[in-house]
Amino acid sequence: MTYLLILLALIGCMLALDARFKLFVFDRPIPALLSLAAGTGIFVLWDVLAIAEGIFLHRDSQWMTGVMVADQLPLEEIFFLLFLCYQVMILVNGWPVLRKARAKTQLREDA
């Protein structure tokens, strides 16, 4: 259960950054949510194929809920993949914003 709570807290942090700077979901909600769903879906499919090939195996842990979405696919994996996709989109969309802010700060310092 601890791992799921950590993932939810991290997703909450991404939401807070997104809301503050309007980087992804809070900028264009429908395309962003579709993109997150598609990206997460692709990674879930990848996991399912890897599980079918015997590449990924689930091991029981005291830190996890024990809830399985499918054979060898724990609930936490879905939230991890959602977090991974959301984090990447925040980084990709936030980088230009950060660069612009730094350039503006540099111009003020040079003046």
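Buried means under 20% relative accessible area, exposed means over 50%, and partly exposed lies in between (1.4 Å probe, protein chains only). The model is predicted: local features need pLDDT of at least 70, side-chain atom pairs count only at pLDDT 80 or more, and totals for chains, interfaces and linings use all residues. Residues are numbered from 1 along each chain as its sequence is written, and side-chain values use heavy atoms, with hydrogens and water left out.

**Exercise 1. Classify His 58 as buried or exposed, and list its contacts.**

Step 1. Locate the residue. His 58 sits in the loop between α2 and β1 (68-70). Helices (H or I, at least four residues) and strands (E, at least two) are DSSP runs, numbered from the N terminus.

Step 2. Apply the cut-off. His 58 has 17% relative accessibility, so His 58 counts as buried.

Step 3. List the contacts, meaning heavy atoms within 4.5 Å. Leave aside neighbours within four places in sequence; His 58 then touches Met 64, Met 68, Gln 72 and Pro 74.

**Exercise 2. Find the residues of the largest nonpolar core, and say which element gives the most.**

Step 1. Recall the term. A nonpolar core is a set of buried Ala, Val, Leu, Ile, Met, Phe, Trp, Tyr and Cys residues joined through side-chain atoms within 4.5 Å.

Step 2. Name the members. The largest core has eleven residues: Ile 11, Met 14, Leu 23, Phe 24, Val 25, Ala 32, Leu 36, Phe 83, Cys 85, Tyr 86 and Ile 90.

Step 3. Sort by element. Two or more residues come from each of α1 (2-21), α2 (29-52) and α3 (75-110). The most come from α3, with four residues.

Step 4. Look at one member. Leaving aside neighbours within four places in sequence, Tyr 86 has contacts that include Ile 11, Met 14, Asp 18 and Phe 24.

**Exercise 3. Find the aromatic pairs in the whole structure and describe each.**

Step 1. Set the rule. Rings of Phe, Tyr and Trp (its six-membered ring) pair if their centres lie within 6.5 Å; planes under 30 degrees apart count as stacked, over 60 as edge-to-face and the rest as tilted.

Step 2. Count. The search finds two pairs.

Step 3. Take Phe 24 and Tyr 86. This pair is tilted, with 6.3 Å centre to centre and 40 degrees between the planes. Phe 24 lies in the loop between α1 and α2 and Tyr 86 in helix α3, so the pair ties together parts that are 62 residues apart in sequence. Both Phe 24 and Tyr 86 are buried.

Step 4. Take Phe 43 and Trp 46. This pair is stacked, at 5.7 Å centre to centre and 20 degrees between the planes. Both residues lie in helix α2, three residues apart, or about one turn of the helix.

Step 5. Phe 43 has a relative accessible area of 28%, so Phe 43 is partly exposed. Trp 46 reaches 52% relative accessibility, so Trp 46 counts as exposed.
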